[in-house]
Amino acid sequence: MMHLTHVRHLIRNLWTVPLVAGLSIIISFTASGLAGSQLWGDVFMVTAAVVAGAPILRSAVHGLVARVIGIDLLVSIAAIGALFIGEVWEAAAVTFLFAIGHALENATLNKTRSALAELIAVAPEIAIVLRHGEQVSVPPAEVVVGETVLVKNGSKIPVDGVVIAGSGAVDEASITGESIPAEKALGDPVYAGTISHGGFLQVEATGVGADTTLARIIHRVEEAQDAKAKTQAVMDRFSTWYTPAIIVLALVAFLATGNVTLALTLLVIGCPGALVISVPVAIVAGIGRGARDGILIKGGEFLETSATITAVALDKTGTLTEGRPYLTDVVVIDPSLDESEVLHWAAQAETGSEHPLSRPIVEAALGDGRAALGLPEHTEPVPGKGVVALVRGHRVAVGNLSLLRVEGVTKGTELAAAAADDLATRGRTPMIVALDGQVIGIVAVADRIRQDAREMVGRLHKAGVSKVVMLTGDTHLVAEAVASEVGVDEVRAGLLPEDKLEAVRELQSQGHVVAMVGDGVNDAPALAVSDIGIAMGAAGTGVAIETADIALMKDDLLKLPQAISLARRTVSVMRINIAVALITVASLLAGVILGGVTMTLGMLVHEASVLIVILNAMRLLRPSRLSPSTQPVASPTSRAREPEARPVNVA
């Protein structure tokens with residue numbers, strides 16, 4: 001891999017040829033003016049043409065060997081022809097200006113690839129490992145998975161891992177694009193290439209060498225910046241016939257007029273340099289900007305497609321919500337019991353369940369100070385309905401009304417149904433608890449809606465997305481409550497994974513370009529069929545980084561509209577660049593035919609258009625200006641055990 005200092009050295013070397021050629025031209029004018037010797041002036045002009053033209057001719061020959069007729073061939077023919085007819089100034093000026101443009105293009109591409117160079121530069125060179133009770137310094141690639149790595153204040157973390165001791169703040173900007181250091185403590189993940197800004201951490205290595213998140217990001221950015229966009233592929237096909245057409249035009253002009261200078265001038269001004277660089281320089285800059293912001297885009301094609309997104313489909317759990325349900329309510333139906341007793345009967349039944357909603361119930365029961373929970377004698381999960389367990393000789397059912405009907409429970413069901421509906425309308429997931437054929441109460445859990453969910457939807461609309469759709473397995477009643485909370489345009493509830501796929505296809509059939517945002521597991525079918533698949537919180541997840549069309553490294557909803565805005569900015573720059581290039585070539589051709597545009601003037605204007613295209617693309621390297629934040633709407637808090645959270649049904 002190339003170190004940042006090597007990149008800088010390369011950029012400096014790019015200017016060697018044009019500097020030598022320019023010096024020769026200056027000496028030529030000096031010799032002609034002071035010494036009055038036209039001969040010495042011509043010698044230095046020819047020298048300038050040879051110095052600047054040799055790399056151009058070499059590139060043209062290599063292109064011909066590969067059966068590619070490129071811009072270098074046009075300039076080579078024009079320069080050689082100018083020398084043969086004695087126009088040494090024209091030959092020197094054309095090759096000199098082209099060499100400057102070539103150096104400027106390469107320097108700009110290196111600049112736009114600087115995000116990759118910066119990623120490489122943050123790679124640590126040493127790791128301190130505990131071996132046999134001693135601190136040993138080794139190269140990061142030699143750390144063994146499972147070893148304990150010591151991270152001291154100010155040092156770079158050399159591996160991916162989990163904190164097993166200590167605490168501190170870590171700058172994760174190189175991975176997530178987040179400038180504020182993240183606090184790390186026991187059990188928190190850390191990533192190679194991030195920097196400790198306080199504290200002392202002991203980290204158990206889980207990924208080393210090429211298996212680190214940093215290595216995967218570098219690999220992805222390398223591939224993405226080399227991948228061509230659809231527009232670039234069109235430009236390449238255009239060039240395959242455009243360049244030969246210019247040669248034929250120059251030949252026809254010579255045969256028709258006998259004017260060699262006219263023919264050579266047509267070759268020079270016909271160079272589509274700005275057109276060739278217009279798309280790749282924008283793509284590389286856009287992908288580089290995204291990498292700096294913690295947004296990994298798979299390639300130019302996906303960047304271009306993302307700019308046309310008109311509909312975004314969002315999974316709910318783990319996307320609009322935090323994905324960590326908690327107990328919110330305990331409702332007593334049987335007056336002979338209290339809340340704690342209802343909760344413990346439910347928790348003992350759920351102890352043997354694998355359902356994700358069992359965890360918050362069990363944890364709440366363990367934390368209320370009563371005796372430890374015992375294991376049920378028998379547990380019988382009822383798919384889609386709940387769980388039935390035998391607890392100390394008592395039959396306990398925890399689930400929905402359908403489960404009660406299966407169990408033949410009738411006493412207390414009407415009151416339980418009314419209370420369950422009330423909880424559902426407020427975003428809870430109610431689970432009715434029955435003991436020995438009688439309803440004793442209801443426990444309810446909820447997931448927290450992310451605080452920036454509403455703001456994210458607003459920013460998506462401002463970024464040009466016309467429809468934001470929530471796809472969920474929840475009931476319609478709860479889904480509508482969530483929709484009103486976050487402001488989505490459309491809700492599709494009660495969906496299985498295959499139903500989500502059909503929902504995406506239906507949006508596409510309506511003419512939408514659809515981006516699907518999900519966790520990549522139960523949403524895999526929908527992600528696969530969508531036009532753009534987006535993975536959130538992909539840091540440390542190798543599969544998400546490699547397979548998603550766009551990977552948002554930080555688990556931050558606002559990165560989603562930022563990614564779409566970046567794509568739209570990039571495509572806008574591409575279109576402006578193409579327009580500048582085409583207008584320049586058309587104007588120069590008209591100027592040559594009508595008279596007044598010389599070979600040197602044509603090349604000067606041509607290189608000026610290249611400079612305009614480059615400067616326009618460089619604007620993408622600046623951070624995007626996000627729209628002002630909107631204030632999140634306050635959430636319902638009545639009867640909730642954690643009133644600061646915004647609950648949402650997680651069934």
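These legends walk through several close-up views of a predicted model.

Residues are numbered from 1 along each chain as its sequence is written. Because the model is predicted, local features need pLDDT of at least 70 and side-chain atom pairs count only at pLDDT 80 or more, while totals for chains, interfaces and linings use all residues, and side-chain values use heavy atoms, with hydrogens and water left out.

**View 1. The whole protein chain.**
The protein chain has 24 helices and 21 strands. Helices (H or I, at least four residues) and strands (E, at least two) are DSSP runs, numbered from the N terminus. Of the 651 residues, 52% are buried. Buried means under 20% relative accessible area, exposed over 50%, and partly exposed in between (1.4 Å probe, protein chains only). The accessible surface comes to about 28,200 Å², and carbon and sulfur atoms hold 61% of that surface. Accessible areas come from the Shrake-Rupley method with a 1.4 Å probe; for residues, only the protein chains shown count as cover. Among contacts with a separation of 6 or more, 69% join residues 24 or more positions apart. Contact means heavy atoms within 4.5 Å.

Helix H24 covers residues 599-618. Its 20 residues should span 28 Å at 1.5 Å a residue, and the end C-alpha atoms are 29 Å apart, which agrees. The expected span is 1.5 Å times one less than the number of residues. Threonine 598 caps the N-terminal end of H24. A side-chain oxygen of threonine 598 lies 3.2 Å from the backbone nitrogen of leucine 601. Such a polar contact is a pair of N or O atoms within 3.5 Å; within protein, one must be able to donate a hydrogen and the other to accept it, and residues adjacent in sequence count only if both atoms are side-chain atoms. Buried residues of H24 include Met599, Met603, His606, Val610, Val613 and Ala617. An α-helix has 3.6 residues a turn, so residues three or four places apart point the same way.

**View 2. Glycine 602 within H24.**
Glycine 602 is found in helix H24. Its relative accessibility is 0%, so glycine 602 counts as buried. Leaving out residues up to four places away in sequence, glycine 602 touches Ile269, Leu588 and Val597. The C-alpha atoms of glycine 602 and valine 592 are separated by 8.5 Å; these two residues are 10 residues apart along the chain.

The structure holds 11 salt bridges. A salt bridge is a side-chain nitrogen of Lys or Arg within 4 Å of a carboxyl oxygen of Asp or Glu. Arginine 289 forms one with aspartate 293, with the closest N and O atoms 2.9 Å apart. Both arginine 289 and aspartate 293 are buried. Aspartate 329 pairs with arginine 428 in another salt bridge, at 3.0 Å between the closest N and O atoms. Aspartate 329 lies in strand S10 (residues 326-332) and arginine 428 in the loop between helix H17 (413-425) and strand S14 (429-435), so the pair ties together parts that are 99 residues apart in sequence. Both aspartate 329 and arginine 428 are buried.

**View 3. A network around arginine 492.**
Lys467, Glu490, Arg492 and Glu506 are linked in a network of salt bridges. In the pair of arginine 492 and glutamate 490, the closest N and O atoms are 2.7 Å apart. Arginine 492 is buried, with a relative accessible area of 13%.

**View 4. Aspartate 549, buried without a salt bridge.**
Aspartate 549 is found in the loop between helix H22 (542-547) and strand S20 (550-552). Aspartate 549 is buried yet has no salt bridge. The nearest side chain of opposite charge, lysine 298, is 4.6 Å away. Lys and Arg count as positive and Asp and Glu as negative; His and the chain ends are not counted. A polar atom of the aspartate 549 side chain lies 2.9 Å from the backbone nitrogen of glycine 533.

**View 5. Helix H15 and the loops on either side.**
The buried residues of H15 are Ser358, Pro360, Ile361, Val362 and Ala365. Their cover includes S10, helix H14 (339-350), S14 and strand S15 (438-448). Serine 353 lies in the loop between H14 and H15. Serine 353 is buried, with a relative accessible area of 16%. Not counting residues up to four places away in sequence, serine 353 touches Ser358, Thr379 and Val387. Glycine 374 is found in the loop between helix H15 (358-366) and strand S11 (378-382). Glycine 374 is partly exposed, at 31% relative accessible area. Beyond its neighbours within four places in sequence, glycine 374 is in contact with Gln348 and Thr351.
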